[in-house]
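Please find my notes on the model below.

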Amino acid sequence: MRTQMLRSVQSASKSSKFAIRNYASTSNPERKVTVLGAAGGIGQPLSMLMKLNPLVSTLSLYDLAGTPGVAADCSHINTRAQVFGYAEDKELGKALEGSDVVIIPAGVPRKPGMTRDDLFNINAGIVKNLCTAVAKYCPNALVNMISNPVNSTVPIASEVFKKAGTYDPKRLFGVTTLDVVRAKTFYATKAGLPVEEVNVPVVGGHAGITILPLFSQAHPQANLSESDIEKLTKRTQDGGTEVVEAKAGKGSATLSMAYAGAIFADACLKGLNGVPDVVECSFVESNVTELPFFASKVRLGKNGVEEIYGLGTLSDYEQKGLEALKVELKASIEKGIEFARKNN
Ligand SMILES: NC(=O)C1=CN([C@@H]2O[C@H](COP(=O)(O)OP(=O)(O)OC[C@H]3O[C@@H](n4cnc5c(N)ncnc54)[C@H](O)[C@@H]3O)[C@@H](O)[C@H]2O)C=CC1
Ligand SMILES: O=C([O-])CC(=O)C(=O)O
């Protein structure tokens, strides 16, 4: 028994030495990732997932309070990234300086009965202030906006950056990856397919009917009925609400969102590092439709967005969904722009 234990300790220490050698010889460039809202429900697991990402060399964690604890905790994980915690406004500049990617899950989450738009009054101001600091301290960073309502917070960020003279539409992203994660899960389960092999583009925006999964373009194609597709569409659109109700007043999706946020940030880092063919759906400045911002598949590269893909052929059901979502999405985008212009 004792010999067996010794052997496993020895093999563990051998493998960790091997791991250290691996990290030292990594050819990945230095990359600083900053999480704003790092002590929150999304921020904590997302910070951990970014600490596990070998593409990150510096992980900067900022929140109004609680970050020293989260940073100390994360810093003990034996992976490449060096972790720094910052709290309070006066440390925001240091947290942001030199960032390659800034992830923003700062702000309040929904409670049952609320829409994402009900968060606007509080989160709009938070996002505006944080983006003002991004423009000042790391104007070239890729910004991954998670704070809701994404359909309005991304336009707010764009206006803040325009005012600061730093706006580059290729570097601003609304994170809609959770919609894709959900669409993949629900579709694979219904179709009886291995979920790792499934892909489903999701376009539009990130709230209710503005979330439009394109199951007609899902891979692999399964022979599902129209009624199944309608149910899957509705479930994807209401996925956030499903979690809000299940949490019964204790917030919204945090773990699945952290996973989705980590996938999207990883794609941004791969793009920056020159990895070819990195494609994810994201809510970006776009001319795919007549709306100024729209989520669709984008290819990520050394400057952020390298290419925005069109919508492809839609089914009649998806085409109807597209026309219906434009009204709400347009209003949410305009609300964000108007807020930012009025509060400049
Ligand atoms: N894009 C998406 O798919 C999703 C977006 N969300 C949104 O993400 C946001 C955060 O959700 P949770 O983490 O669950 O909320 P939470 O309340 O658990 O955490 C938010 C964190 O933001 C911090 N914060 C507030 N103001 C700040 C400021 N000015 N600077 C820095 N940090 C600040 C808070 O101190 C808190 O730690 C919400 O707006 C939520 O609706 C949530 C799930 C999915
Ligand atoms: O539903 C919410 O409020 C949070 C969110 O955006 C999501 O889970 O998709």
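**Notes on the ligand site and the fold**

1. Ligand 1 lies between two domains, because domain 1 (26-175) and domain 2 (177-338) both contribute residues to the shell around it. Please keep in mind throughout that this is a predicted model.

2. Which residues come nearest to ligand 1? They are Gly 37, Gly 40, Gly 41, Ile 42 and Asn 148, out of 33 residues around the ligand. Among these names are three glycines, Gly 37, Gly 40 and Gly 41.

3. As for secondary structure, β2 (58-63) and α5 (120-137) are the elements that supply two or more residues to the shell around ligand 1. The largest share comes from α5, with 4 residues.

4. By residue class, the shell around ligand 1 holds 18 nonpolar, 13 polar and 2 charged residues.

5. Along the principal axes, the C-alpha atoms fill a box of roughly 65 × 50 × 40 Å.

6. How much of the protein counts as buried? The figure is 47% of the 344 residues. Among contacts between residues at least 6 apart in sequence, 69% join residues at least 24 apart.

Terms used: Residues are numbered from 1 along each chain as its sequence is written. Chains are lettered from A and ligands numbered from 1 in the order in which they are written. This is a predicted model: local features need pLDDT of at least 70, side-chain atom pairs count only at pLDDT 80 or more; totals for chains, interfaces and linings use all residues. A residue is near a molecule or strand if its C-beta atom, placed from the backbone, lies within 6 Å of it. Ala, Val, Leu, Ile, Met, Phe, Trp, Tyr, Cys and Pro count as nonpolar, Asp, Glu, Lys and Arg as charged, and the others, Gly among them, as polar. Domain bounds come from an automatic or database domain assignment. A residue is buried if 20 or more other C-beta atoms lie within 10 Å of its own, exposed if 12 or fewer, and partly exposed in between; C-beta atoms are placed from the backbone. Two residues are in contact if their C-beta atoms, placed from the backbone, lie within 7 Å.
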